[in-house]
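The notes are grouped by topic.

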Amino acid sequence: MNILLKILGVILLIAGFVLAYKPDLMSSQPMPSDPYQMIEKRVMWGLVIGLGILFIFHHQLSPWQLSVSALLSALTLGIVLARLLGLVMDGIFTKQLLWLAIEIAFLLIFGFWYWKQK
């Protein structure tokens, strides 16, 4: 079962990065011309990246506090990675850097919670 979860995690991780790189693959709507909105569109696929990270590294459901902290940490890490990809590809904006700082703060909180649970 662990091997299947890791394979699924790798597939989700790759799919998340591909879709964060080119978010119009799954959408029939035209891409926004505003770079800020483009980064926000990429960040949505960070959840897929986070699920991939979760399936690769975390394979247990109990205790539930550990699983919840792992889920929140992985999803936040995926969002941070997608936002960083967007900043590299679309440019750096002050408001995006503020969002990145907030997400990194939450990542540290969730990561500390995960570490304390383990």
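**A buried lysine and its surroundings**

K41 is buried, since its relative accessible area is 19% and the cut-off for buried is under 20%. The model is predicted. By the salt-bridge rule the count comes to 4, and K41 has no part in any salt bridge.

**K41**

- K41 sits in helix α2, which spans residues 35–44.
- The nearest side chain of opposite charge is D24, at 8.6 Å from K41; a salt bridge requires a nitrogen and a carboxyl oxygen within 4 Å.
- Leaving aside residues up to four places away in sequence, K41 touches P23, S27, Q29, M31 and P32.
- K41 and G86 are 45 residues apart along the chain, and their C-alpha atoms are separated by 8.9 Å.

- Side chains of opposite charge can pair when their charged atoms come close.
- E40 and R83 form a salt bridge, with 3.0 Å between the closest N and O atoms. E40 lies in helix α2 and R83 in helix α4, so this pair ties together parts 43 residues apart in sequence.
- E40 counts as partly exposed because its relative accessibility is 28%, whereas R83, at 2%, counts as buried.
- R42 pairs with D90 in a salt bridge whose closest N and O atoms are 2.8 Å apart. The partners belong to distant parts of the chain, with R42 in helix α2 and D90 in helix α4, 48 residues apart.
- R42 is buried, with a relative accessible area of 4%.
- R83 also meets E103 in a salt bridge, at 2.8 Å from N to O. Since R83 is in helix α4 and E103 in helix α5 (residues 94–117), the pair ties together parts 20 residues apart in sequence.
- Both R83 and E103 are buried. Through shared partners, salt bridges join E40, R83 and E103 into one network.

**Packing of helices α1 and α4**

- The axes of helix α1 (residues 2–21) and helix α4 (residues 64–90) come within 10 Å and cross at roughly 35°. This crossing of α1 and α4 is right-handed.
- On α1 the contact is made by F17, A20 and Y21, and on α4 by L81, A82, L85 and M89. By class, the contact has 7 nonpolar residues, no polar and no charged ones.

**G16**

- G16 lies in helix α1 and is buried, with a relative accessible area of 0%.
- Not counting residues up to four places away in sequence, G16 touches W45, V48 and I49.
- G16 and P30 are 14 residues apart along the chain, with 20 Å between their C-alpha atoms.

Technical notes: Residues numbered from 1 in each chain as written. Predicted model: local features only at pLDDT ≥ 70, side-chain atom pairs only at ≥ 80, totals over all residues. Heavy atoms only, no water. Helix = DSSP H or I, 4+ residues; strand = E, 2+ residues; numbered from the N terminus. Buried < 20%, exposed > 50% of the residue type's maximum accessible area, 1.4 Å probe, protein only. Lys, Arg positive; Asp, Glu negative; His and termini not counted. Contact = heavy atoms within 4.5 Å. Axes fitted to C-alpha atoms, helices over the stretch in contact; angles between N-to-C directions. Left-handed = near helix turned anticlockwise from the far one by under 90°. Nonpolar A, V, L, I, M, F, W, Y, C, P; charged D, E, K, R; others polar.
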